[in-house]
Amino acid sequence: MSRTAVVHDYNHPQPGATSTLTLDEKVTREIINNGIERPKGYTVSFHANPEVEKMHFGPKHPMKPWRLTLTNKLVLAYGMHEAMDLYIPRPADYYEMIEYHKDEYIHFLRTLEPDANNLWPYNMGDDCPVFDGLYEYCSLYSGASLDAARKVTNKQSDIAINWSGGLHHAKKAEASGFCYINDIVLAILQLLRYHPRVLYIDLDVHHGDGVEQAFWSTDRVMTLSLHKYDKFQFFPGTGGSDDTGPLNNANPGAHHSLNVPLQDGINDESYVQLFKDVMDPCISIYQPTAIVIQCGGDSLGGDRLGCFNLNIRAHGACVEYTKKLGLPMLVLGGGGYTPRNVARLWAHETSVCIGTELHSSLPSHTPFIEHFAPNKTLYPELGQSGRYDNKNSDKYLRDIVTNIREQLRYVEGSPSVQLQHIPPDLGALREELEQEIEEAKEANDHGRRRKERGMGARGEYAQQLE
């Protein structure tokens with residue numbers, strides 16, 4: 001047989017003509033099919049450092065930073081990155097983290113060895129294990145939240161997203177509930193430099209106790225947490241309806257901690273309506289100037305550690321409702337222990353932020369698409385598994401709304417901030433310290449003056465919350 005009968009010139013097909021497309025062509029096709037474009041009238045930024053995805057808590061630990069890899073691959077596969085400003089943030093440094101956390105605690109994390117045995121004073125152990133790269137992990141996700149907050153305060157972004165953040169359990173001097181550094185508190189402190197009042201919303205199935213505790217005594221931050229509550233059987237055992245802030249009404253933080261304690265199995269319709277019913281009075285009475293929303297994915301149905309029956313669109317409806325308020329918004333991750341569903345959720349909520357509706361079928365070129373088998377859809381049915389019965393009666397939910405409205409009666413309009421201390425800008429603080437060091441070097445022949453200027457300088461700048 002003649003070779004010319006079987007060997008022919010190969011002509012490259014036009015984009016879209018066959019399935020033989022380059023990756024860029026496939027992504028471009030998704031952008032067109034989903035109508036993805038940059039939002040009109042506002043800017044969305046996406047903050048992600050790929051180094052955080054490499055961290056590993058251990059083979060049996062439910063926290064899997066690899067869920068961020070799945071999330072980012074979905075965002076890229078759909079082409080949503082074309083609608084956002086993308087940033088690879090730097091890690092937070094030591095001095096940025098002690099803006100809230102105690103110096104000795106950050107020093108402990110920075111010098112911690114994997115075989116250390118002095119863990120109990122800082123609540124390290126099974127829930128919060130020591131692993132290789134722990135301090136780097138803390139600085140990476142905290143740095144991303146700080147970068148997102150700065151973009152909001154600088155008006156470079158109207159909605160800033162950091163899915164690696166949202167670790168809401170960490171306390172001032174100890175780890176808690178898989179959380180080591182409370183990036184949310186650090187980010188809110190940054191926002192408070194420019195915004196008189198910040199509303200913090202927590203959609204995680206667990207109570208946002210670390211953030212509530214940090215701002216317990218101030219009226220410049222209102223916390224609103226919707227979560228499963230069981231004082232003795234469900235972590236962290238806090239966030240009951242009577243936990244509303246300091247008991248002394250003279251304390252500025254009184255009635256500024258709002259909790260929505262839920263029972264097992266709440267469904268889509270009840271959750272979304274409840275969210276709207278408690279948000280409306282919060283916004284009208286407190287009048288926040290910025291919002292931070294923690295989008296923990298463990299409130300989805302079928303989560304490894306969760307007990308609700310929510311679907312992805314219902315969870316996203318809360319983000320959509322918050323976005324429509326038109327306030328500067330910081331969007332953070334949080335819990336979520338079924339990685340494929342967490343990735344689906346955060347991809348969907350990214351689409352909510354940029355104002356587009358995604359097709360349910362995952363792009364065929366999505367890396368690791370086999371992890372979304374068998375249906376390979378963005379919106380699997382998660383709420384009808386029958387794993388948990390809905391124990392939240394209509395009356396119970398109405399009582400929650402009534403209690404929230406009653407607490408808000410004590411909040412007499414938006415608070416004045418003229419006499420409140422505004423935390424220093426962390427970036428400016430670092431520049432001041434570097435300038436002082438340089439001046440000290442230049443004044444080497446004036447040893448006494450150098451020592452007097454240096455003593456206690458860092459401690460004077462450190463803002464510690466009560």
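**Where the labels come from**

Modeller: Let's start with Thr377, which is buried, with a relative accessible area of 13%. Keep in mind that the model is predicted.

Colleague: What makes Thr377 count as buried?

Modeller: Buried means under 20% relative accessible area, and Thr377 has 13%, so the label applies. Thr377 is in the loop between helix H10 (339–354) and helix H11 (394–408). Leaving out residues up to four places away in sequence, Thr377 touches Arg344, Ser360 and Leu362. A polar atom of the Thr377 side chain also lies 3.2 Å from the backbone nitrogen of Tyr379.

Colleague: What sits over the ring of Tyr379?

Modeller: The charged end of Arg313, 3.6 Å from the ring centre. The cut-off for that is within 6 Å, along with an angle test.

Colleague: How do you know that the count of disulfides is 0?

Modeller: A disulfide needs two cysteine sulfurs within 2.5 Å. For Cys295 the closest cysteine sulfur is in Cys353, 7.4 Å away, so that is too far for a bond. For Cys318 the closest one belongs to Cys295, at 9.0 Å, again too far. The count for the model comes to 0.

Colleague: Are Cys295 and Cys318 buried or exposed?

Modeller: Cys295 has 0% relative accessibility, so it counts as buried. Cys318 is buried too, at 1%.

Colleague: Now the aromatics. Why is the pair of Phe57 and Phe131 called tilted?

Modeller: The whole structure has 14 aromatic pairs. In this one the ring centres are 4.7 Å apart and the planes are at 35°, so the pair is tilted: under 30 degrees would be stacked and over 60 edge-to-face. Phe57 lies in the loop between strand E1 (44–47) and helix H2 (67–78), and Phe131 in the loop between helix H4 (103–111) and helix H5 (134–153), so the pair ties together parts 74 residues apart in sequence. Both Phe57 and Phe131 are buried.

Colleague: And what makes Trp66 and Phe368 edge-to-face?

Modeller: Their planes are 70° apart, with 5.7 Å centre to centre, and over 60 degrees counts as edge-to-face. Trp66 is partly exposed at 31%, and Phe368 is partly exposed at 32%.

Colleague: Where is pLDDT under 50?

Modeller: The average is 88, and 83% of the residues score at least 70. Over residues 12–18, though, pLDDT is below 50, and it stays under 50 over residues 447–466. Where pLDDT is low, the predicted coordinates should not be read in detail.

Notes
Residues are numbered from 1 along each chain as its sequence is written. This is a predicted model: local features need pLDDT of at least 70, side-chain atom pairs count only at pLDDT 80 or more; totals for chains, interfaces and linings use all residues. Side-chain values use heavy atoms; hydrogens and water are left out. Buried means under 20% relative accessible area, exposed over 50%, partly exposed in between (1.4 Å probe, protein chains only). pLDDT is the predictor's confidence in each residue, from 0 to 100. Contact means heavy atoms within 4.5 Å. Helices (H or I, at least four residues) and strands (E, at least two) are DSSP runs, numbered from the N terminus. A polar contact is a pair of N or O atoms within 3.5 Å; within protein, one must be able to donate a hydrogen and the other to accept it, and residues adjacent in sequence count only if both atoms are side-chain atoms. Rings of Phe, Tyr and Trp (its six-membered ring) pair if their centres lie within 6.5 Å; planes under 30 degrees apart count as stacked, over 60 as edge-to-face and the rest as tilted. A charge sits over a ring if NZ of Lys or CZ of Arg is within 6 Å of the ring centre and within 35 degrees of the ring normal.
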